[in-house]
Amino acid sequence: LTGSTDFKARLTWLRLRHLHLVCGRESVPRIAYLSLPPARAFVSFPVGQKLSVVWGGLELRLGDIAFHSRGERAHHRIDRPNRWGMISLPHTQLAFYSKVLTGVRLSLPQFGQAIRPPASAAALLVERHVSACRLAETKPEMIAHEEVERAMEQEFIHALVNCLTFDSARSKRQLRREEED
C-alpha cells in the first residue's frame, strides 16, 4: 500500500460457464505483482472516468484494454482510489469464438498489449462488466438461472471479441517486459 489512509477494498468474482469476471474497488493507492494462469486469456481495464491503472509500466485510461500474454507476470499499480475490471476465459475458447464471429482466430499476444478499440466497443464492454458485477452483488440468484448465465456469457464474448479484433497500428502499445525472477 502506498497511501496513508485505511485500506478498504471490494472484490467481486463472477464465474459463468467459461467466462470469469472480476471487479475490484480499492480505496488507497497500491502496487501489486500479479501472475496470471497460463491456461486462460485475460483482459483488464480501468472502470470509471478519470481513473487509470498502470499495468506492466503502461498507463491504461478509460477505453484502453490490456490484452495479456500467456502466464503474464507484471506489476499492477493504482495511484488513487480506483475501480478496475478483469475478464478471462480459456484461450482455446477465445480462439474458437473469434474465428466463428469474425473469421480471425485470436491468439494470445507474445507480450501484453494495451489496445484502444473504438470508444463505443470499449464502453459496451465496460458497461456490461459493471452491470454484471452489480447483479452478482445485489441479485446473485438471477445469474443462477442457466438461460441468464448463457445469455450473459454470449453477450460478453461478442463484446470482448469485438474489442480485441479491432486492428490499427496506432491502437496497440506493447506493455513493458519485466525481468524474469
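**The open sheet**

Begin with the open sheet, in which 4 strands follow the order β3-β8-β5-β6 with antiparallel pairing; strands are DSSP runs of E with at least two residues, numbered from the N terminus, and two strands pair if DSSP finds at least two bridges between them. This is a predicted model, in which local features need pLDDT of at least 70 and side-chain atom pairs count only at pLDDT 80 or more, whereas totals for chains, interfaces and linings use all residues. Residues are numbered from 1 along each chain as its sequence is written, and side-chain values use heavy atoms, with hydrogens and water left out.

Next, select β5 (residues 52-55) together with β6: 4 bridges link them in the antiparallel sense. Within β6, Leu 58 is the residue opposite Trp 55.

**Ser 44**

Move to strand β4 (residues 40-46), which contains Ser 44. Is Ser 44 buried or exposed? Ser 44 is buried, its relative accessible area being 5% (buried means under 20%, exposed over 50%, partly exposed in between, with a 1.4 Å probe and protein chains only). Beyond the neighbours within four places in sequence, the contacts of Ser 44 include Trp 55, Leu 60 and Met 86 (heavy atoms within 4.5 Å).

**Strand β2 and its partners**

Finally, select β2 (residues 20-26), where 6 of the 7 residues are buried. Strand β1 (residues 9-15) pairs with β2 in the antiparallel sense over 7 bridges, and a hairpin of 4 residues connects β1 to β2. Strand β9 (residues 82-90) is also joined to β2 by 7 bridges, running antiparallel; here Ile 87 of β9 stands opposite Leu 21.
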